[in-house]
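Hi,

Here is the structure I promised to pass on.

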Amino acid sequence: MLSNPATARKGNLVSAAGMGIAILGTLFLYQPVGAPFHNYGWIVGAMVIGTVIGSLAALKVKMTEMPEMVSLFNGMGGLCAALISMVEFGRIAQDNTAMHLLSILAGMVIGGVSFAGSMIAYGKLSGKIKDHTFSGQHIFNLVILFVILVLGALIIHGDTGAPVLIFCGILALSLCYGVLFVLPIGGADMPVVISLLNSFTGVATACAGFLYNNQVMLTGGILVGSAGAILTILMCKAMNRSIKNVLIGSFGGAKVAAGSTATDDQGTYREISLIDSAMVMKYAHKVMIVPGYGLAVAQAQHACHELEKSLRSSGVDVKYAIHPVAGRMPGHMNVLLAEADVSYDDLLELEAANEEFSSTDVVLILGANDVVNPAAENDPSSPIYGMPVLQVWKAKSVIINKRSMRPGYAGIENQLFFLPNSSMLFGDAKDVLQKLITEIKSM
Ligand code: NDP
């Protein structure tokens, strides 16, 4: 049910109900032999507090803040796994087998990295934290990883007189690593890191499942871990990045400083009026709509579908070009358009869309910026160089709707806006779309 927007809501409810049954089953069916649960007050109290906070947050969050929230919740999963490891280390440290110690340590390190990294990702997505780099950062990150491995080996071999101190040291280093590996990641590369952190949380949970010999927890963790890993590989492919560089936090940000922020000598751009935009689209054979983050901000998905329908009723062939990292979370545009009942058959993926642009009369860009930036193909100094983008400039004419000349998430200028076949249609996407629909209907 989760793989189809039409049934995803139901799928989520089924998952939540399943989770509820799992919690009740754990509490009432699995009483540990010799040590039955006695602390129901604490357990129920924590569940009530968690449920209230989670439900209120989910009800209050704006659709545009969803990616931040997903990051925050992912971090909580990592923190849970790390806490389980900490509790278990203290509780059964004396008679732990090497295998137990390994899963305790792996759960804590991966969970800790996922928690700290997700908190930084949350800060970055909400614009509260900027990219930070320092020279020798990659080496420093590798050294931290190496020290974690050495300390972990010491604990497992039992060659240490102060295992608790070393355990705390590993925890601190894992949190440090989580922060340092996400901090330098440049704007446009965040999607890869987010799916990687998601995968980490799954693996950390699987470690806890292994520790408790709990197959359900193990399976759930492996499911999230492998789904996240597949998504990370797909995202790396979409961004043309290497997985090795993602893991040591060595891509993106460093180059942002080198040629990224908007400069004053960008050239001149052309503006187009609402009436002219409506006219060129109404009398076109083929129109391609490119949705981006701005469409989500404006909550203009329904107006967008309306425009599509009125163009269709005038005989225009209308399609959507979907970039895999458009918006702020994987699949953001698919979810957004599905909400407005746009047919999945009308959505073209990057490669398919790129083949169609040269035969397209008008491309209408709605709040997209980085995903249509030609610098990714022709400017080696650009931080997004190498990332596959939608080649909208191949169309006969390109209309770009946004509110100003400000850059997108990656903070870089976009030469597309200054090309001879491009024109700017300034304004909030929803407002502009509603006016375009009125104009088209009145023609
Ligand atoms: P961008 O962030 O590049 O650009 C969005 C544009 O929308 C802005 O330039 C903004 O311009 C415009 N905009 C904002 N509000 C409105 C509005 N109300 N009406 C009209 N326009 C508006 O978005 P893209 O979708 O092109 O690219 C996504 C970026 O986010 C990529 O860099 C990607 O790597 C990154 N990212 C993606 C994630 C994912 O998983 N998909 C996760 C994290 C980051 P103006 O202010 O002038 O209106």
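This is a predicted model: local features need pLDDT of at least 70, side-chain atom pairs count only at pLDDT 80 or more; totals for chains, interfaces and linings use all residues.

The chain splits into domain 1, covering 61–259, and domain 2, covering 274–442. Their centres, taken over C-alpha atoms, sit 35 Å apart. Where they touch, domain 1 puts in 20 residues and domain 2 puts in 19.

So what is the contact between them made of? About 1800 Å² is buried between domain 1 and domain 2, and carbon and sulfur atoms account for 68% of that area.

On the domain 1 side, the helices that supply at least two residues each are α3 (66–92), α4 (98–125), α7 (190–211), α8 (215–239) and α10 (253–259). Of these, α8 gives the most, with five residues. Sorted by class, that side of domain 1 has twelve nonpolar, four polar and four charged residues.

Now the ligand. It has 31 residues around it, and the ones that come nearest are A188, N369, D370, S404 and D428. G327 has a polar backbone atom 2.9 Å from an oxygen atom of the ligand, and a backbone N or O atom of G367 is 3.1 Å from a ligand oxygen atom. For A326, a backbone N or O atom lies 3.5 Å from a nitrogen atom of the ligand.

Cheers

Note on methods: Residues are numbered from 1 along each chain as its sequence is written. Side-chain values use heavy atoms; hydrogens and water are left out. Domain bounds come from an automatic or database domain assignment. Contact means heavy atoms within 4.5 Å. Buried area is the accessible area (1.4 Å probe) that two parts lose on being put together, summed over both. Helices (H or I, at least four residues) and strands (E, at least two) are DSSP runs, numbered from the N terminus. Ala, Val, Leu, Ile, Met, Phe, Trp, Tyr, Cys and Pro count as nonpolar, Asp, Glu, Lys and Arg as charged, and the others, Gly among them, as polar. A residue is near a molecule or strand if one of its heavy atoms lies within 4 Å of it. A polar contact is a pair of N or O atoms within 3.5 Å; within protein, one must be able to donate a hydrogen and the other to accept it, and residues adjacent in sequence count only if both atoms are side-chain atoms.
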